[in-house]
Amino acid sequence: MSGNTTKTEVMPCFRPGYALPVFERHVTQSVIDAYAKASGDFNPIHVDLDYAGKGPFGRPIAHGLMTLAYAAQMLNDWSNGGFDESGEIEVAFVGPVFADDKIEMSGTVEELVMRDGKLTARCNLVCRCGERKILVGTVYQPVENEKAN
């Protein structure tokens, strides 16, 4: 543990070195289109094949917030819903997700720290499509909340 952490017993899934469960999804154009409909974001870079084909990526890309929603789903699976209750995330989108990509979200608990007076797991987070990194970030999940215990 780092800093002024307490000697609270921590569940194994929040201990440093723990590999978060891998989350995989196959992203199709129909999934991208459904997200556009649900979010109201019909930017042609996502849904118009001709328009997107002339853009910087040469084809449609998935919404960044859709990728972030997959991260939240994985983090809630890991924390038994605790991420929605009290988790924090800092991310950078470092590459696009294309239709027919298979994304793989993973992470590792790096350390336990005190944050806002709570014992918190600090985790790295990465989303890849094959060898391409799509999203990287840091997650802070208090380990002492009703859902995490």
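Arginine 115 is partly exposed, with a relative accessible area of 25%; buried means under 20% relative accessible area, exposed over 50% and partly exposed in between, for a 1.4 Å probe and protein chains only. The structure is a predicted model, in which local features need pLDDT of at least 70 and side-chain atom pairs count only at pLDDT 80 or more, while totals for chains, interfaces and linings use all residues. Residues are numbered from 1 along each chain as its sequence is written, and side-chain values use heavy atoms, with hydrogens and water left out.

Arginine 115 belongs to strand E3. Its charged end sits over the ring of tyrosine 140, at 3.7 Å from the ring centre; a charge is taken to sit over a ring if NZ of Lys or CZ of Arg is within 6 Å of the ring centre and within 35 degrees of the ring normal. With neighbours within four places in sequence set aside, arginine 115 is in contact with Glu88, Glu90, Thr120 and Tyr140, where contact means heavy atoms within 4.5 Å. For arginine 115 and glutamate 88, the separation is 27 residues in sequence and 11 Å in space, C-alpha to C-alpha.

The protein comprises five helices and five strands, arranged along the sequence as β-α-α-α-α-α-β-β-β-β. These elements are DSSP runs numbered from the N terminus, with helices (H or I) of at least four residues and strands (E) of at least two. Along the principal axes, the C-alpha atoms fill a box of roughly 60 × 30 × 20 Å. The protein has 149 residues, of which 41% count as buried. Among contacts with a separation of 6 or more, 67% are between residues 24 or more positions apart.

The protein carries 14 positive and 20 negative side chains, and the centres of the two sets lie 3 Å apart. In this count Lys and Arg are positive and Asp and Glu negative, whereas His and the chain ends are not counted. The place of a charge is NZ of Lys, CZ of Arg, CG of Asp or CD of Glu.

A pair of aromatic rings is described by the distance of the centres and the angle of the planes. Rings of Phe, Tyr and Trp (its six-membered ring) pair if their centres lie within 6.5 Å; planes under 30 degrees apart count as stacked, over 60 as edge-to-face and the rest as tilted. The count by this rule is three aromatic pairs. One of them is the edge-to-face pair of phenylalanine 14 and tryptophan 78, at 5.1 Å centre to centre and 65° between the planes. This pair links distant parts of the chain, 64 residues apart: phenylalanine 14 lies in the segment before strand E1 (23–27), and tryptophan 78 in helix H4 (residues 64–79). Phenylalanine 14 and tryptophan 78 are both buried.

Phenylalanine 57 and phenylalanine 98 have ring centres 6.3 Å apart and planes at 70°, so this pair is also edge-to-face. The two residues are 41 apart and again link distant parts of the chain, with phenylalanine 57 in the loop between helix H3 (49–53) and H4, and phenylalanine 98 in the loop between strand E2 (88–93) and strand E3 (101–115). Phenylalanine 57 is partly exposed at a relative accessible area of 37%, whereas phenylalanine 98 counts as buried at 7% relative accessibility. Apart from neighbours within four places in sequence, phenylalanine 57 is in contact with Pro96 and Phe98. Phenylalanine 57 and methionine 114 are 57 residues apart in sequence and 42 Å apart in space, C-alpha to C-alpha. The ring of phenylalanine 98 also lies under the charged end of arginine 59, which is 3.6 Å from the ring centre.

Two aspartates have positive phi although neither is a glycine: aspartate 100 at about 80° and aspartate 116 at about 55°. Aspartate 100 is located in the loop between E2 and E3 and counts as exposed at 58% relative accessibility. Beyond neighbours within four places in sequence, aspartate 100 is in contact with His26, Val27 and Thr28. Aspartate 100 and valine 22 are 78 residues apart in sequence and 19 Å apart in space, C-alpha to C-alpha. Aspartate 116 lies in the loop between E3 and strand E4 (118–129) and also counts as exposed, at 69% relative accessibility.
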